[in-house]
Every structure is written in C-alpha cells, then in structure tokens.
Amino acid sequence: MFREILIHINGTKSITIENYKNILDYKDDFILIQGKEENLCITGKSFRIDYFTHESMCITGTVEKLEFRSAGMKSDRR
C-alpha cells in the first residue's frame with residue numbers, strides 16, 4: 001500500500017496526487033508522474049499544477065484520461 005500512488009479525483013476538473021516520486025513531463029495537455037512502482041499519465045486540456053510538495057500535488061484543468069504505465073516505459077508524447 002505505501003508504494004502506490006494515491007489519487008483523489010474531484011470530477012473532471014481537479015486531481016490531488018500523493019506518494020509520487022517526480023514529475024517526468026508537464027505540458028498543457030499531458031502530465032507524466034513517476035511513482036515508485038508505476039508511472040501515471042494524465043491527458044486532458046489546460047492543465048496547471050496548483051501546488052506540489054514532496055508529499056502531494058494538485059492539478060487543475062480538464063481531465064480526460066488517467067493511465068498507469070510500467071515505470072520503465074518512456075512517454076510516447078513528442
């Protein structure tokens with residue numbers, strides 16, 4: 001349990017993420033978060049990271065898709 005990314009979703013407009021390691025990629029329509037076991041890919045529109053600390057972050061915008069990927073996979077975004 002302590003190795004998993006924790007996600008709190010507030011509709012399609014806000015996500016709070018806890019227990020992550022790093023932000024690997026950040027664009028207006030795509031965010032890639034490094035977890036301890038897996039990476040989290042978030043796609044949508046008009047993303048903004050409202051805050052981030054060592055423990056948590058809050059992302060606002062229009063969330064369209066969440067996807068977990070193996071930690072070894074690179075982003076296929078260009």
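Is Cys-58 buried or exposed, and what is its relative accessible area? Cys-58 is buried, at a relative accessible area of 11%; buried means under 20% relative accessible area, exposed over 50%, and partly exposed in between (1.4 Å probe, protein chains only).

Before going on, note that this is a predicted model, in which local features need pLDDT of at least 70, side-chain atom pairs count only at pLDDT 80 or more, and totals for chains, interfaces and linings use all residues. Residues are numbered from 1 along each chain as its sequence is written, and side-chain values use heavy atoms, with hydrogens and water left out.

**Stop 1: the whole chain**

Show the chain as a cartoon. It has zero helices and six strands, where helices (H or I, at least four residues) and strands (E, at least two) are DSSP runs, numbered from the N terminus. Along the sequence the pattern reads β-β-β-β-β-β. The chain has 78 residues, of which 36% count as buried. Take the contacts between residues at least 6 apart in sequence: 44% of them join residues at least 24 apart. Contact here means heavy atoms within 4.5 Å.

**Stop 2: β1 and β2**

Select residues 6-10, which are strand β1; this strand pairs with β2 in the antiparallel sense over five bridges. Two strands pair if DSSP finds at least two bridges between them. Strand β2 covers 14-18, and its Glu-18 stands opposite Leu-6. Three residues lie between β1 and β2 in a hairpin, and in that turn Gly-11 has a positive phi of about 65°.

Move on to Asn-19, in the loop between β2 and β3 (22-27). Asn-19 is not a glycine, yet its phi is positive, at about 65°.

**Stop 3**

Select residues 30-34 (β4) and 38-52 (β5). These strands run antiparallel and are joined by five bridges. Ile-33 faces Leu-40 of β5 across the pair, and a hairpin of three residues links β4 to β5.

The hairpin from β5 to β6 passes through three residues.

While β5 is on screen, pick Ser-46, which lies in that strand. Ser-46 has a positive phi of about 55° although it is not a glycine.

**Stop 4: Cys-58 and Thr-16**

Return to Cys-58, which sits in strand β6. Show Thr-16 as well, in strand β2. How far apart are Cys-58 and Thr-16 in sequence and in space? They are 42 residues apart in sequence and 4.4 Å apart in space, C-alpha to C-alpha.

Thr-16 also counts as buried, because its relative accessibility is 15%. Leaving out residues up to four places away in sequence, Cys-58 touches Ser-14, Ile-15, Thr-16, Arg-48, Ile-49, Asp-50 and Tyr-51. On the same terms, Thr-16 touches Leu-6, Ile-7, His-8, Tyr-51, Met-57 and Cys-58.

**Stop 5: the nonpolar core**

Select Ile-17, Ile-31, Ile-33, Ile-42 and Ile-59, the residues with the most contacts inside the largest nonpolar core, which has 13 residues. β2, β4, β5 and β6 each supply at least two residues of this core, and the largest share, four residues, comes from β5. A nonpolar core is a set of buried Ala, Val, Leu, Ile, Met, Phe, Trp, Tyr and Cys residues joined through side-chain atoms within 4.5 Å. In soluble globular proteins, nonpolar side chains tend to be buried together.

Centre on Ile-17. Apart from neighbours within four places in sequence, Ile-17 is in contact with Ile-5, Leu-6, Ile-33, Leu-40, Ile-42, Glu-55, Ser-56, Met-57 and Ile-59.

**Stop 6: the cavity**

Last, select Arg-3, Glu-4, Ile-5, Gly-35, Lys-36, Glu-37, Glu-38 and Phe-68, which line the largest cavity. A cavity is a set of points, on a 1 Å grid over the protein atoms alone, where a 1.4 Å probe fits but cannot get out; lining residues have an atom within 4 Å of a point. A search of the whole structure finds one cavity of 30 Å³ or more.

How much space lies in the largest cavity? About 40 Å³, where a volume is the space filled by probe spheres set on the points, and grid points are joined across faces, edges and corners. The lining has two nonpolar, one polar and five charged residues. In this count Ala, Val, Leu, Ile, Met, Phe, Trp, Tyr, Cys and Pro are nonpolar, Asp, Glu, Lys and Arg are charged, and the others, Gly among them, are polar.

Notes: On a 1 Å grid over the protein atoms alone, a cavity is a set of points where a 1.4 Å probe fits but cannot get out, and a pocket is an open set with protein on both sides within 12 Å along at least five of seven lines; lining residues have an atom within 4 Å of a point.
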